[in-house]
Amino acid sequence: MSAGVEVGLFIATLGCILANAFEVAAKAVQAQFVVQNSAEVGLERRWIPYLAILEGLGVAGLVVGLLGWPVVGLAAAVGLVVFFVGAVLAHVRAQVFHNIAFPVVFLGLAVAALGHFAWSGS
């Protein structure tokens with residue numbers, strides 16, 4: 001893999017960590033946009049803290065992966081990919097397309113993090 005691709009995937013992994021950390025904080029305080037979006041896709045408000053925990057574990061796993069345990073980062077990236085595939089599917093199922101770009105971008109960042117750990121570990 002070229003150095004440019006490696007750097008790009010590393011930067012995207014950092015972006016994934018930052019974006020998801022922001023989302024975890026927003027879910028933790030049940031920010032209005034989180035509550036509204038959850039309601040639009042048919043997710044009960046009581047599930048928001050559990051999603052914050054799952055997403056937070058993904059963030060923590062990515063950080064641990066960058067600190068020297070790439071297998072943990074790889075597992076966290078896989079978990080975040082599954083998480084955001086679910087988010088995209090929830091938007092499609094509910095036919096909420098006006099803001100589907102957000103879970104799609106988060107999915108892309110998670111896929112990039114997966115690529116980073118898959119290739120850096122080989």
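What you're looking at is a predicted model, where local features need pLDDT of at least 70, side-chain atom pairs count only at pLDDT 80 or more, and totals for chains, interfaces and linings use all residues. Residues are numbered from 1 along each chain as its sequence is written, and side-chain values use heavy atoms, with hydrogens and water left out.

Let's start with the whole thing. The protein has 5 helices and 0 strands, counted as DSSP runs numbered from the N terminus (helices are H or I with at least four residues, strands are E with at least two). Of the 122 residues, 38% are buried (under 20% relative accessible area; exposed is over 50%, partly exposed in between, with a 1.4 Å probe and protein chains only). Among contacts (heavy atoms within 4.5 Å) with a separation of 6 or more, 66% join residues 24 or more positions apart.

Now for a helix pair. Helix H1 (residues 3-28) packs against helix H3 (residues 48-66) at about 150°, with the axes 9 Å apart. Those axes are lines fitted to C-alpha atoms over the stretch in contact, and angles run from 0 to 180 degrees between N-to-C directions. That makes H1 roughly antiparallel to H3 (over 145 degrees; under 35 is roughly parallel, 65 to 115 roughly perpendicular, the rest oblique). Residues making the contact include Phe-10, Leu-14 and Ile-17 of H1 and Ile-48, Leu-51 and Val-59 of H3. The contact residues divide into 14 nonpolar, 3 polar and 3 charged; here Ala, Val, Leu, Ile, Met, Phe, Trp, Tyr, Cys and Pro count as nonpolar, Asp, Glu, Lys and Arg as charged, and the others, Gly among them, as polar.

Next, a residue in helix H2 (residues 32-40): Ser-38. Is Ser-38 buried or exposed? Ser-38 counts as buried because its relative accessibility is 8%. Leaving aside neighbours within four places in sequence, Ser-38 is in contact with Leu-43 and Ile-48.

Finally, go to Val-92 in helix H4 (residues 70-94). Val-92 has a relative accessible area of 39%, so it is partly exposed. Not counting residues up to four places away in sequence, Val-92 touches Phe-97 and Ile-100. Val-92 and Val-41 are 51 residues apart in sequence, yet 8.6 Å apart in space, C-alpha to C-alpha.
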